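Subject: Structure for you to look at

Hello,

Here is the structure I promised to pass on. Please open it and keep it beside this email as you read.

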Amino acid sequence: MKYNPDCTKVVIFCYPIWGGGKFLINCLGLSNDCYLSDIAAARLQRNNQLSPQDKFLFLLDKINKVGDEWNDINLGSKQLFGNPCKPEQFYPEINEISHNNNKLFFLETHDPGDQLSPTLNQHLQIWPNAKTVYLRNANRFIKWRLGRPDEYNSSDVRHDTDFGKDLDQRLLDMNNLYVWDTECYFAEHRFIEELKKMYEYFGLLDFNERMVRILYIRYIKKLGELRIKNLAKHNQNCC
């Protein structure tokens, strides 16, 4: 079975590296009407063997097991799709899901390149009916995560800035676009409120504030721990 290019359940997250997009995807993935970005988890959910509570424990365990470097807790487009840019290399379940499915599933891109985004364009060519989520104002959050704000300036655009004014405007002109303000990550109550709005936008009716709050607190704590390690490593190298 080939994939269904007319599927309307794909959501593409567009954000700079370190911009927090994966965590946002995982928070949506808690919903019973979304798949986590992992094919094994998707298989379980398709067989009614993975509840939102199971997903919550799964995500919490993965965050807790992060070591000295953030590894996206090994969830993402590749883990769900196989090769997300080549339909002939999709996992068979993705082809099936694209035909008979009422749940959202997610892709991400965070390398805009010289144009709108080669990867984003590739995704939209494969999934022309996809919705896009654009994470704006990521600079301060990225600098906080990396723990070395003075060194991350214009020397590395991919790691330090949003996508630039021209690209930013082209993204904002897109259809089916939802804009997320990454500044939300700095305040627990605001993150919760804005995530509720995103659930409503996508028609997800099972927002679980308790689960989201626990994951948010643990996520921010883990990033803080990694930030301290980055600072210590940086200071050691400077001595």
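Within how many Å do the axes of helix α1 and helix α10 come, and at roughly what angle do they cross? Hold that thought for a moment.

Some ground rules come before the answer. This is a predicted model, in which local features need pLDDT of at least 70, side-chain atom pairs count only at pLDDT 80 or more, and totals for chains, interfaces and linings use all residues. Residues are numbered from 1 along each chain as its sequence is written, and side-chain values use heavy atoms, with hydrogens and water left out.

**The helix pair**

The axes of α1 (residues 21-29) and α10 come within 11 Å and cross at roughly 60°. That makes α1 oblique to α10. Axes here are lines fitted to C-alpha atoms, for helices over the stretch in contact, and angles run from 0 to 180 degrees between N-to-C directions. Angles under 35 degrees count as roughly parallel, over 145 as roughly antiparallel, 65 to 115 as roughly perpendicular, and the rest as oblique. On the α1 side, F23, L24, C27 and L28 make the contact. On the α10 side, F191, L195, M198 and Y199 do. Contact means heavy atoms within 4.5 Å.

Now look at α10 by itself. It covers residues 188-201. Its 14 residues should span 20 Å at 1.5 Å a residue, and its end C-alpha atoms are 20 Å apart, which agrees. The expected span is 1.5 Å times one less than the number of residues. The buried residues of α10 are F191, I192, E194, L195, M198 and Y199. Buried means under 20% relative accessible area, exposed over 50%, and partly exposed in between (1.4 Å probe, protein chains only). An α-helix has 3.6 residues a turn, so residues three or four places apart point the same way. Just after α10, G203 takes a positive phi of about 70°.

**The whole chain**

The chain has 11 helices and four strands. Both are DSSP runs, numbered from the N terminus: helices are H or I with at least four residues, strands are E with at least two. Of the 239 residues in the chain, 48% are buried.

**The sheet**

In what order do the four strands form the open sheet? The order is β2-β1-β3-β4, and the pairing is parallel. β2 and β4 (177-181) stand at the edges with a single partner strand each, so one side of each is left without a neighbour in the sheet. From one strand to the next, the twist averages 25°. α1 packs on this sheet and touches β1, β2, β3 and β4. The direction of α1 makes about 175° with that of β2.

Two strands pair if DSSP finds at least two bridges between them. β1 pairs with β2 (residues 105-109) over five bridges, in the parallel sense. There, I12 stands opposite L107. β1 also pairs with β3 (residues 131-136) in the parallel sense, over four bridges. In that pairing, C14 stands opposite Y134.

β1 itself (residues 10-14) is mostly covered, with five of its five residues buried. V10, I12 and C14 point one way, and V11 and F13 the other way. In a regular strand the side chains alternate between the two faces of the sheet.

**Loops to check**

- N48 has a positive phi of about 60°, although it is not a glycine. It sits in the loop between α2 (39-46) and α3 (52-64). N48 is exposed, with a relative accessible area of 75%.
- N137 has a positive phi of about 55° and is not a glycine either. Its loop runs between β3 and α7 (139-146). At 34% relative accessibility, N137 counts as partly exposed.
- T182 is in the loop between β4 and α10. Is T182 buried or exposed? At 0% relative accessibility, T182 counts as buried. Leaving aside neighbours within four places in sequence, T182 is in contact with G19, L135, R136, N137, A138 and F141.

**One more helix**

Which residues are buried in α5 (residues 92-99)? They are E93, I94, N95, I97 and S98. What covers them includes α2, α4 (77-81) and β2.

Best wishes
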